[in-house]
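Here are my notes for your first look at this one. Have the viewer open and go through the points in order.

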Amino acid sequence: SRQRVTQNTGRPDSEMSATKELRFAVGDRVECNVGEWRHGSVVKHWYREPGWPKEKVMPYQVKLDAGPTIYAPQDDDRFIKKVTGILALGKIPVTVLTGFLGAGKTTLLNYILKEQHGKRYAVIENEFGDVAIDNQLLDLAKRETMESITILDNGCLCCTVRDDLVAAIKEIVKAVEERYAKGHPMLDGILIETTGMADPGPIIKTFSMDEVVQRFCKIDGILTVVDCKHFLTQLNRERPDDAVNEPAQQVGFADKLLLNKVDVCDRDLIDETIRSIHEINTFVPIRECSLSTEPGAVPIGELLAIDAFDAAKLITQQSGKDDVDLTKGREEGHGEGHGDSHGGGHGHDDGHECGGCDDAGHGHGDGHGHGHGHSQTKHDTDIKSMVLEMKGNKLDMHKFKQFLNGILEERSQDLYRYKGVLAMQQRNATLMYILQGVHDMPELTFSSEWPEGKPVKTQIVLIGRKLDEAKYQKDFAACASK
C-alpha cells in the first residue's frame, strides 16, 4: 500500500522556475520526511515523474539508503534537510579485503596502519585468520586505547574480531563519533580482513541486517590481493569435482585487484596471470604492484574508494546520454596504475513494481618467478563472467522478474556478483532501473524515465560458478516486451 505522510500545505516548487538555485548538490547527503526521517543521497535536480507534463518538476530526486528513489516536492526543511553529525560527511565506506595466504595482505595492512599516507582507516582483523597485524607496531606505537580498539599515531584504528563483526563495527562507529566531536578528522574508511573466507557474501549480508551498521556504514567494494608468482599454481591445483576453486572465487568477487609480487616475475608470467584473471572476471581493474618493496606506490585512497555497491552513484552516472557500458572498468587499473506532493514528503504516481525479488520495498512508488617461459594456456575454471544485453528493445518487467527469480532460486549460492542498467517498458514510457546484488540479495532501484537521446540498451553483468550462459542468454532474450 502507498505510504502516506503529513499533508503539504505549501506551494510546490514544481510551480517555480527550474533555474532556482537549490540548497543541496547532487551527491549531497540529506534527510527526507517520508512519515519518518530517512537518510539518503541526492541523485538528480528538477526531477520529472514519467507521464507528468513537461512543466511539472520536483526539486530533488533522492535515493534512500537501503530503500527506493523518492522525490522531494519542495526545497524546504519540512521535507528535506541537512544531515548533522558524522553522517553529514556520508556513510563510512567499508572495503572487504580478500586474498590467499602469502598474497601480501599483511604487508598492505601494516603499511596502512603504520605509514603517514594522509588517510585514516580502521582495520578490522579476523583473529582466526593467517594475517597478524605487526604486534610490535601495536605494542610499541604511540597510541590511545578505547576498549578493544587501538588508535595508532597516524590516526588509523585497529580492532580484532573474534566472532561478532557487528559489535566491532558499532564500537568503531562509537569511537569515531566521540573523536569527531572532539575535533578529530573523520575516518576515511573501514577495511575488513577476511582471511580463510573466500566468499565475502556473509559479511555483505551483515550490512543489510543491522540498523546501526546500515545507518552509519556502506559496503564500498571488495579488494582482492593476488600473488602473481603462485596464482596459476593455486588456480590449477587438483580438486575434487564438486569443490569450489577458491582462488578463482576470490577473483570472481573482486571489484578491484592488486596483482602483487610482480617484481619477482617475468613479463610472460605476469601477462598470463592477467589473462587467467580476466577469464574469470572479465571486468575487474588490475593494479600491478610490489607491496614488500614499494607499498607506497599503491594509491591507497583510490583502492579504498570503489563505490561498487553505490546505487545512487550509478543512477547519477547513467543519467546522461552516453551509451550504457558496465564492462569498461578493466581498462582503468592495468599497467599504468591504473501525488503531486503526496502530502509532505515523497512518492510516485504509479507504484512501479520491483523485479528480481518479492519485496516491494526495493521498488519505486510508495515513498520508499622468475619464470622460465610461459605458454598462453587457457586456465579453465567453472567460474566465469558473462554479459546479457538487449539493444533497441525494452524489457517486460514481469518476464524479467520471473527470469531473475528463477536464477536466484536455482543458483543464488553460485551467483557471486551481478549488476545492470535496465530499460523497462512501463505503459507508454521507457524507465531506467539499476540492478545490483550478491548471491540472493538483489536490489532493483528505479532511476527515472530513460534519458532522452540515450540509446535504449539493457546490460547486465553476471559473475559466478557453473552459470549456464547459453540458457541465460536465451531466457533473457525472451524477456523483451512485445
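1. Start with His439, which sits in the loop between strand E18 (429-438) and strand E19 (441-449). Helices (H or I, at least four residues) and strands (E, at least two) are DSSP runs, numbered from the N terminus. Phi of His439 is near 55°, a positive value in a residue other than glycine. His439 counts as buried because its relative accessibility is 6%; buried means under 20% relative accessible area, exposed over 50%, and partly exposed in between, with a 1.4 Å probe and protein chains only.

2. Before you go further, a word on what you are looking at. This is a predicted model, in which local features need pLDDT of at least 70 and side-chain atom pairs count only at pLDDT 80 or more, while totals for chains, interfaces and linings use all residues. Residues are numbered from 1 along each chain as its sequence is written, and side-chain values use heavy atoms, with hydrogens and water left out.

3. Now look at Trp46 in strand E2 (residues 37-47). Its phi is near 50°, again a positive value in a residue other than glycine. Trp46 has a relative accessible area of 16%, so it is buried.

4. Asp65 deserves a stop. You'll find it in the loop between strand E3 (58-64) and strand E4 (69-72). Is Asp65 buried or exposed? It counts as buried, because its relative accessibility is 17%. The side chains of Asp65 and Arg29 are joined by a polar contact of 2.7 Å. (A polar contact is a pair of N or O atoms within 3.5 Å; within protein, one must be able to donate a hydrogen and the other to accept it, and residues adjacent in sequence count only if both atoms are side-chain atoms.) Leaving out residues up to four places away in sequence, Asp65 touches Arg29, Arg38, His39, Gly40 and Lys91, where contact means heavy atoms within 4.5 Å.

5. Next comes Tyr111, in helix H1 (residues 105-114). With a relative accessible area of 15%, Tyr111 is buried. Its contacts, not counting residues up to four places away in sequence, are His117, Pro295, Gly296 and Ile300. Take Gly296: Tyr111 and Gly296 are 185 residues apart in sequence, yet 8.1 Å apart in space, C-alpha to C-alpha.

6. Two other pairs can be checked in the viewer. Ala168 is in helix H3 (residues 165-181) and is buried because its relative accessibility is 6%. Ala168 and Ile124 are 44 residues apart along the chain, and their C-alpha atoms are separated by 7.7 Å. Gln402, in helix H11 (residues 397-411), counts as exposed, at 51% relative accessibility.

7. Helix H8 (residues 267-280) has 14 residues and reaches 20 Å from its first C-alpha to its last, close to the 20 Å expected at 1.5 Å a residue. (The expected span is 1.5 Å times one less than the number of residues.) At the start of H8, a side-chain oxygen of Asp266 comes to within 3.2 Å of the backbone nitrogen of Asp268. Buried residues of H8 include Leu269, Ile270, Glu272 and Thr273. His278 also lies in H8 and is buried, with a relative accessible area of 8%. A polar atom of the His278 side chain lies 3.0 Å from the backbone oxygen of Val284.

8. Last, the second largest cavity. Rolling a probe the size of a water molecule over the atoms shows where empty space is left. On a 1 Å grid over the protein atoms alone, a cavity is a set of points where a 1.4 Å probe fits but cannot get out, and lining residues have an atom within 4 Å of a point. This cavity holds about 50 Å³ of space, a volume being the space filled by probe spheres set on the points. Which elements each supply at least two residues of its lining? They are strand E12 (217-227), helix H6 (231-235) and helix H7 (246-253). E12 gives the most, with four residues. Among the lining residues are Phe100, Ala103, Val225, Asp227 and Gln250.

Key:
1 Å grid on protein atoms, 1.4 Å probe; cavity = no way out; pocket = protein on both sides within 12 Å on 5 of 7 lines; lining within 4 Å.
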